[in-house]
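I opened my notebook to record, entry by entry, what I looked up in this structure. Each entry keeps to one topic.

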Amino acid sequence: MRRLFSLIALASAAFLAVSCFDDPEVETTPQAAITSFALGYYYVDVNDINYLGHDTVIAVREGGVMYPMTIDQLDNRIYNTDSLAYGSRLNAVTCNISSTGTVVYEYSDDPGLSYLYSSGDSIDFTRPLTFSVASTDGSFLRKYDFKLNVHKVFPDSLAWRRTDAGAFPSLSKPLAVVTGDSLYVIGTDSQGKTSMISCDIRTGRWSTPVPTEGLPSAPVQLTVRGKRFYCLCGTGLYVSGDAVGWSAAASGIRCLYAPQNSSEGTVWAATDDGWLAESDDMASWTPALELPEAFPADMAVTLTYPLQTVPSFTRTIVAGRTAGSGFISFWTKLSTDKGWTMIELPENSRYRLPALDSPAMIQYDGSLFAFGCGFDSFWQSRDNGITWYRCDRYIETWSTWNRYMQLPKALDGCTADFAYATDSYGGIWILTSNGQAWRGAINRLDKLK
């Protein structure tokens, strides 16, 4: 607090005008403080696409009460930690202020001109502001620096960028994994040799492709467990410390169910003799139960993540195409379960995930997202794979589904083989056999921005 030498005339005049109609024994105080601050209603411009595919702008009304303001009484600052939405119209907005004393405000770009605060004032929050409060006895004035934080980009949109810059080669049947700050991709080069290339996720720089050694054929599955790489070639499992030199680790494995988003915990596999086997070290495998009928036994996607209600428990999802079905089938297992349970829905349910070509699936932003070759669109599930909804950018009504999850336009209709992965910095990677390497991230989740 500081002694009042300026702005006091405006505040005192307001106090005297009120006190003329009040009891002459009005009590005054030397205290001056803003005790609460809340924005009123305002509009947010949202860029959208209508059903004709044309760009349009929708004005959405929001209440400032959804963005609490912090009042730092020690440093005399008022600010919001949760930024307002991108596109907020703030040039004429009311606010509700509670205080001990009389509040006045001043635009920093027009010093010397102050305004007595009223709850009905439309204030231009696009200009720099300061708020001051004068004590009722006229002895003190307290000045607050004011900062209204607004997102500079739309936080929910998914932004993509190409990272190859000619450095990512054309590799057929590519497979990708992330470990630490590096992305590793293995595939068959133009000479018919299996090669490995890596990328530093933080810088986006690619290494030089290196031919692998010790693999009898092109790998069909790739995973990381601990600090080791494992790949499946035919029915043989191979291990490597650097993804270049490989040696045999196990045999008789038809399909791996290694979580794509986790490098720890138990791994399951379908064996040649019709069993589901489990392993903690990827070397010794124990048959646990007979392979259930309709369980994906060729190519499958596996994800593991903690339960929202009990984070110490995990859920594992296995998804794959079943012969003769037009949909992706899902199996689930909690860490406390001994067996697997198939998620059953009516065959004619419109909420099932269709049998995408080369289906891919990630766990991202609290949901499951699936896509496939052709890169038409993302499909989203918010209930662990039970129901699915296409992320349609043309929807014109409010929805709990993320319509801003869109794939790169350059990949639309692309039928090349592809690999995919997610990194610990909030990124999604898509790598195609025709030499395209894309990294995308929701703005609010991207830690590399």
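I began with the terms for secondary structure: helices (H or I, at least four residues) and strands (E, at least two) are DSSP runs, numbered from the N terminus. I noted that this is a predicted model, in which local features need pLDDT of at least 70 and side-chain atom pairs count only at pLDDT 80 or more, while totals for chains, interfaces and linings use all residues. Residues are numbered from 1 along each chain as its sequence is written, and side-chain values use heavy atoms, with hydrogens and water left out.

**Entry: the whole chain**

I looked up the overall content and found one helix and 36 strands in the protein. Of the 449 residues, 46% are buried, where buried means under 20% relative accessible area, exposed over 50%, and partly exposed in between (1.4 Å probe, protein chains only). For contacts, meaning heavy atoms within 4.5 Å, I noted that residues 24 or more positions apart account for 51% of those with a separation of 6 or more.

Most residues other than glycine have a negative phi. Ala 294 sits in the loop between β25 and β26 (301-306), and it is partly exposed because its relative accessible area is 31%. Ala 243 also has a positive phi, of about 70°, although it is not a glycine. The loop that holds Ala 243 runs between β20 (236-240) and β21 (247-251), and with a relative accessible area of 1% Ala 243 is buried.

**Entry: a sheet of four strands**

I then followed an open sheet of four strands, which has the order β22-β23-β24-β25 with antiparallel pairing; two strands pair if DSSP finds at least two bridges between them. Why is one side of β22 and of β25 left without a neighbour in the sheet? Both β22 (253-257) and β25 (286-290) stand at the edges and have a single partner strand each, so one side of each has no neighbour there. Neighbouring strands of this sheet are turned by 30° against each other on average, direction ignored (axes are lines fitted to C-alpha atoms, for helices over the stretch in contact, and angles run from 0 to 180 degrees between N-to-C directions). Strand β24 (residues 275-279) pairs with β25 in the antiparallel sense over four bridges, and Leu 276 stands opposite Leu 289 in β25.

**Entry: a hairpin and an aromatic pair**

Strand β13 (residues 172-179) and β14 pair in the antiparallel sense over six bridges, and Val 178 has Leu 183 in β14 as its bridge partner. Their hairpin has two residues between the strands, and Gly 180 there takes a positive phi near 60°.

I next looked up ring pairs: rings of Phe, Tyr and Trp (its six-membered ring) pair if their centres lie within 6.5 Å, and planes under 30 degrees apart count as stacked, over 60 as edge-to-face and the rest as tilted. By this rule the count comes to 24 aromatic pairs. The rings of Tyr 184 and Phe 229 have centres 4.8 Å apart and planes at 65°, so this pair is edge-to-face. The pair links distant parts of the chain, since Tyr 184 lies in strand β14 (residues 182-188) and Phe 229 in strand β19 (residues 228-233), 45 residues apart. Tyr 184 is buried at a relative accessible area of 17%, and Phe 229 is buried at 4%.

**Entry: the nonpolar cores**

A nonpolar core is a set of buried Ala, Val, Leu, Ile, Met, Phe, Trp, Tyr and Cys residues joined through side-chain atoms within 4.5 Å. The largest has 37 residues, and Phe 330 and Leu 353 are among those with the most contacts inside it. Leaving aside neighbours within four places in sequence, I found Phe 330 in contact with residues including Ile 317, Met 342, Leu 353 and Trp 388. Apart from this core lies another, of 30 residues, among them Phe 37 and Tyr 117.

Is Glu 344 buried or exposed? With a relative accessible area of 68%, Glu 344 is exposed, and its place is the loop between β29 (341-342) and β30 (360-364). Glu 344 and Phe 330 are 14 residues apart in sequence and 8.1 Å apart in space, C-alpha to C-alpha.
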